[in-house]
Amino acid sequence: MTLRWHCAATDGAARAGVLHTAHGEVPTPVFMPVGTAGTVKAMTADAVRATGARMVLGNTYHLMLRPGAERIARLGGLHRLMDWQGPILTDSGGFQVMSLSGLRTLDEQGVTFRSHVDGSTHRLTPERSVEIQRLLGADVTMCLDECTPFPATEEQAAESMRLSKRWAARCRDAFVERPGHGLFGIVQGGVFPALRAESVEALTRIGFEGYAVGGLAVGEGQEAMFAVLDATVPLLPADRARYLMGVGTPADLVGAVRRGIDMFDCVIPTRSGRTGRAYTRSGVINIRNARHAEDPTPLDAGCACPACRKHSRAYLHHLFKAGEMLGPMLLTWHNIQYYQDLMAELRDAILTGTLAATAARIEARWQAGEEERAA
Ligand SMILES: [Zn+2]
């Protein structure tokens, strides 16, 4: 049996479910911390587990260049290498490669690019991307696609989406079925509903274990992103997991869960944590701000992470001012903890049919809170 998702409850368009993988079950909605190069930056695997995270993401692009997919396979796979026993989703490498404008050339068969590490030339095709993800040991493999740039004309978005369609069929053919492992197709089509519908139609005809909505959070703004979800998500099969790639802020997650998305990944909690930006129950806090210099209170009184349970805002402020590496480590831990707590709260609300009220309460707390916009 390949990877499955089953629905436990719905509340409006939102769903609570369970993803069944070769490395265990994952309650959804789920946020997957990003383990770019075989590590969630600044976190041990034990620390990631302690936040309640059940599934992480690995980046094909980074891992294929360093230390290399074949080497990772010889070392027992990515789970063993990074000490992560839970499921891993790997991206296709496409997003990073496509962003290497000037360093890559795209053709019908695939994409040729120069490594940002040492300038060496590499080739990524749908078949090679799927093979690399198998070598890594991914529970969820993503199709290689072209992430349509924003802004794009309707003609450009159509051409790009149709290339991704052809590549999706090649990925399906290349994917080796194994119990508890699955391949996800990626819906493209920019901000154009008709193109999104065409993409869904083609992908569901091929058939995948899950469906991702791609090409969002690339500068279109939250309103446009939600409009694409409103037009796209209802077209997706109800019995398969839905994954919104690369999204987003806590407010993005709440809005997307309400629109029927089950899975998320984003570098925001980890990247922001390293720069002193914390997401809390009372909004966004920049711990570098001078007003925290003598504040003995915790970052977020409702949070059980070590940064909040053992330390004051004053100490965290000091760590960042002094350039101590513990500062980024603690804030990363906190942000991942906050994202996990948020998803658990949303899941409980779906299971009890109280999502609208819960979302309103969460959003009201952000508004009433500090709403301190980081510089
Ligand atoms: Zn915390």
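## Exercises on a pocket and a zinc site

In this predicted model, 39 residues line the largest pocket, and Phe95, Gly246, Asp265, Cys266 and Val267 are the ones nearest its centre.

**Exercise 1.** Describe the lining of the largest pocket by element and by residue class.

*Solution.* Step 1: find the elements. Helix H5 (94-98), helix H9 (222-232) and helix H11 (268-274) are the elements that give two or more residues to the lining of the largest pocket. Step 2: find the largest share. H11 supplies it, with four residues. Step 3: sort the lining residues by class. The lining of the largest pocket holds 15 nonpolar, 16 polar and eight charged residues. Step 4: state the volume. The largest pocket has about 780 Å³ of space.

**Exercise 2.** Determine which atoms coordinate the zinc ion, and what geometry its site has.

*Solution.* Step 1: list the donors. They are SG of Cys303, SG of Cys305, SG of Cys308 and ND1 of His334, at 2.1 to 2.3 Å from the zinc ion. Step 3: check the angles. Four donors count as tetrahedral if all angles lie between 85 and 135 degrees. The angles among the four donor atoms of the zinc ion are 98 to 118°, and the site is tetrahedral.

**Exercise 3.** Decide whether Cys305 and Cys308 are buried or exposed.

*Solution.* Step 1: recall the cut-off. Buried means under 20% relative accessible area. Step 2: apply the cut-off to each residue. Cys305 has a relative accessible area of 1%, so Cys305 is buried. Cys308 has a relative accessible area of 7%, so Cys308 is buried.

Key:
Residues numbered from 1 in each chain as written. Predicted model: local features only at pLDDT ≥ 70, side-chain atom pairs only at ≥ 80, totals over all residues. Heavy atoms only, no water. Donors = N, O, S within 2.8 Å, 3.2 Å for Na, K, Ca; no water. Tetrahedral: all angles 85-135°; square planar, octahedral: opposite > 155°, others 65-115°. Buried < 20%, exposed > 50% of the residue type's maximum accessible area, 1.4 Å probe, protein only. 1 Å grid on protein atoms, 1.4 Å probe; cavity = no way out; pocket = protein on both sides within 12 Å on 5 of 7 lines; lining within 4 Å. Points joined across faces, edges and corners; volume = space filled by probe spheres on them. Nonpolar A, V, L, I, M, F, W, Y, C, P; charged D, E, K, R; others polar.
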